[in-house]
Amino acid sequence: MSKTRSSTAKGQQKENAEKGDGSLGCDTYLVLVSKRFVVLSLLSCILVALAVGRTARMLLLVNNNEAIKAYNDQGNQQAAISSSPVAMKTLPDPKMKDGKVPPETLYTSKTFGTGNTASSQSRWIVTETGKENCVDLPDHQCPVPPSVDEDEDNTDDEIHLPAGQHLLMDIENVDASFLNSEERLAHAMLKLVSECGLTLLSYHCHAMVPMGVSCAGVLLESHVSFHTWPKQGVITLDLYTCGPNSLLPIVPLANLLFGVPNEVDEGEEFKAPTTRWAHKLRGFPEIEDNDSFVAEMSDMEYFPVSKMIDYKNEVATNSTDFQQVRIYDVLRPNEQTLEGYKKSLKNDESYESRHPELFEPDRIVFLDGVLQSRRSGEAAYHETLIHPAMFAHKNPKRVAIIGGGEGASLREVLKHKTVESVVMIEIDKMMVDVSRKYLPSWSDCSMLVGSAQSCFDDIRVEVQYIDAFQWFIDNFPSDSSPLVDTFDVIIMDALDPQIRKEFVNALYDEGPFLKSMPNALNTDGIFISQVGESTGTNDPPEIYTLDLNRSRLIKSLSRLGFSTIRSYIDNAHSGFGFPWQFIVAFRNSDVKADWFANPSLVDLKIRTRAMVTRDGGSPFKFFDGATMQSFYYPSKLTEIVYCLGHPESRDCKEGHGFDPNRQNIPISTIEVRQSSMGEKAGRGVFAKIDIPRDSYIGLEKHIPFVEGDAHTYGLILKTNKLNGGKWGSALASYINDYGEMSSQSGQDSFIIDSTMQSFTNHACDGSSNFGVKPGVSRERNFVYDPAADRQVKFYARATPLRDIHQGEELLDNDFAMPGNVCEEEGDLVGE
C-alpha cells in the first residue's frame, strides 16, 4: 500500500492559528493507492497513445492517395481548366522496348494542389507484378507496396556509372499550340527517350494557368524534364543520364521533336526555330573503361560542346577504322554574332551580305575529341608549319608528308614552284574522303595556276593510304641503302605528342621509324614536325609532364646525327587557344644560314619561288619576311622550361652573363698605339690605368656593333671576285682587317667592334686577357640549346678575363672566334 499525506489551504490556516495550544493544528488525510491501480493507469495511457498514433498513420500515410485526389479535385474546380477531362486522360504510358524487362521499382509521389495548375497527371510503367499488388489499377492506387528481396539479383546488364552526361537545350520560335499541349509534348518526350535507348519509369506533368506545361520524368538512368512558355514560343529541355551512350547524337532528333515551327498567316514573317544547347559531363567517370567519356572530356567537351553559344551545328560524325571524326560549325563567342550571320545570308546589299565569308560560322574538326583544325586558324597553322623550313632549304624538289589527311599541309607545299614531287602517306583514307566532302577549302588548290581544283588531284602528288611509319621503315632501313628516292623535306603532321597512347609513344622515341629519317633525307635535308601545345609559364621540366614525348623526340633526333634543331612557336593565330610549338631539324648546319635570312631576302624568295595565283596576289595569308623573323629564336618560355630540365647547362647557369653590379670603366681609359706583338701587328689597344677583372670596358660604346649575316658576307665575297679574287673593295678590306668571323648561323658571318677596340690584336698562345673565355664548354649542347640560342653575349668582348695592368696591351682569344687563323707572330690587325 502507498501512503499519501495531504492538507488543504484552510487546514493550513487553522494549523497556523492553533499552534499555541499544543493540538495538531490541521486536518490530515491519508490516501491509500494500490500498486495495481498505478500499473493499470500507466498501461491505459500507453494503449491510448498507440491507438492515436496508429489512427494518425492510417489517415496521413496509408490513405494519402484519397486525400491528395480530393485536394487536387478541389483545386482543379477552383482553377480555370483549359482542357477537358477527356483530354486529361490521353497522356501515353511509358513503354518498355521489345524484349526488355523493366527493373523492380517502388513508385512514391506527393502532389500539391495550387490555383495555378489546370491539371496534374502522372504515368508510369505497369507490369504484371504491379497489377497484382495494385488495389485499384485504373486510379493508380497501390497502398500495399510490392515486396523486394534484397538478396535477389535484379541487376541490369547496362553500365550505370557514378557519372553522367547532361544535355541542356533552349529552343525559341516554337509553335504555341504545341507548347500548350500536354499530350503532344508527352508523346515527343517518350519518342526522344525511346530513340536514346533509355528506360522511362514514370513521368508527371502539370498544365499551368493560364498556359504552359511542365513535365518531369524519372529514367532508370536518371531524369528528363522540360518547361514551356507558349506565348513566348520557348521550351527548355533537360536530359541527364548515367548510361554509357553519348547524348550528342540525339541533338538533331530533339530539335525535330520539340522545335515545331510556327504556323504564320500570309504576309507575316516566318521565324524558324533556333536552338542553343550544351552537353556537359558530370560526376566521376571511370574514364579508362569508357572511350566515349575520354573523347568528350577533351577539347571538344571544353568547346564548343559544353558552351551555350548562339549557333552550333554538328556538320558530320564519322567513325573510321582508326578514329572518330566530328565536325562542327560554330559562331565564335565575343567575335561573331547570330545577327551578323543571318544578315550575311540575305541579299539586301548590306556589308554582311556582300562579304558573307567574314561572317560565316567557324568550322572545327575533332579527331577522337581532340581539336585538330579550324577554318579560322588552319591557314596560320599550316603556313607556320610548312614555310619556315621550306624557304630555309635552297631548292626543295621532293617532299614527303606524314599524315595531314585534311589536305592543308599538301596545299601549302604545292605553293612552291620548286616542288616537283610530293608523297603523302596517310593511313586513314576515310579521313581524306571526309575532308574532301566537308573541308573542301583545306585542300583547295584552284587559286594556283597549273594546279587542280583539289590539291589531292595535282599531278605532282602521290597519295598512299598505308601506315606511314612502316612505309619509312621498309623503304629507308637504317642498315642498308634506301629503296626509293630520298627527300629534301619531310613534314610530320601527325598526332600530338601529348596524347598518351602506346603507338604515339613509339612514334617519338628513338625507334625504327625515327632511325629511318636520316636515311630518308638528302645531305642538306630538313625534318619538320609539329610538337603540340607550347610550354606554359609555370610548367615543370617536360620529362614530368605530358610534353615528355616532345623532349624524347628532340633527344632522339640529336642522337641520330642531325646537326642542329630549331624550336619556334606560332603567333597564336592557329585557333588552339594556346601557342603551338614546332621543331625543325637540319642534317647540314650550313642550311641554318637561310633560317636567319634577312626579312627582305625572305620576301624576295617568296616572290621568286611561290606559285603564280590566278588573281595575281600572294598565295600566303600570313607568312612573309617579317613573320619569319619572329621564328628565328625559341620562345622565352621554351628557354625557361629547358633550363629547369638542364640546370647543368652553362648558358642556363650563367644566363645572359651580364652583371649590372660590375663597374663600367669608360672607353677613355684605353688608347691605341703601336702593338707589342711584333712589327706586323700594327696598332694595338693598351690600358691607361689598372683595370680590375670584375669590370666592363666601354660597354655602352661596344654594344652598337657592325654586323653582317651569312648572305651579306657572301654577297661581299662575290663582289670582290669581280676584282680578280682580290680584297679590292674598301668594305671587304675593312672586314678582313678589323672584323671577327662567326658561324653561329651555320655559315660565316662577321662582327666588327664600333669602338677603338676594333684595333685589338689576338693571342694564339693562351695569353689573352679579355673577351671570350678560352676553351670549349663540355656542358653546351650545340645541336639543341634554347638558352644558348637566345643568349647571344655581344658584350663578352668588353669583359676582362683577369686584372689588366696599366700599360698592358689588351689581347683577345683568337680561338673563340671561328674562322680566325693564327700567324707566326699572332693574328694581327692590319694598319
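Predicted model: local features only at pLDDT ≥ 70, side-chain atom pairs only at ≥ 80, totals over all residues.
Which residue does a disulfide join to C643? I went looking and found C652, with an S to S distance of 2.1 Å. For my count, a disulfide is a pair of cysteine sulfur atoms within 2.5 Å.

Residues are numbered from 1 along each chain as its sequence is written, and side-chain values use heavy atoms, with hydrogens and water left out.

**Entry: C643 and C652**

I checked the torsion about the S-S bond of C643 and C652; it comes to about -80°, so this disulfide is left-handed. Next I looked up burial (buried is under 20% relative accessible area, exposed is over 50%, partly exposed is in between; 1.4 Å probe, protein chains only). C643 has 18% relative accessibility and counts as buried. C652 also has 18%, and counts as buried.

**Entry: how many in total?**

How many disulfides does the structure hold? I get three.

**Entry: C205 and C215**

I found C205 joined to C215 by a disulfide, S to S 1.9 Å. The pair sits in strands, so I noted how those are assigned: helices (H or I, at least four residues) and strands (E, at least two) are DSSP runs, numbered from the N terminus. The S-S torsion of C205 and C215 is about 115°, so I wrote this disulfide down as right-handed. C205 lies in strand β5 (residues 200-208) and C215 in strand β6 (residues 213-219), so the bond ties together parts ten residues apart in sequence. Buried or exposed? Both C205 and C215 are buried.

**Entry: C445 and C455**

I then turned to C445 and C455, which form a disulfide with their sulfur atoms 1.9 Å apart. The torsion about their S-S bond is about 100°, so I have this disulfide as right-handed. C445 and C455 each lie in the loop between α15 (429-438) and β16 (461-464), so the pair ties together parts that are ten residues apart in sequence. C445 is buried, at a relative accessible area of 0%. For C455 I read 0% relative accessibility, and this cysteine counts as buried.

**Entry: two further cysteines**

I also looked up C196 and C242. C196 counts as buried at 13% relative accessibility. C242 is buried too, with a relative accessible area of 14%.
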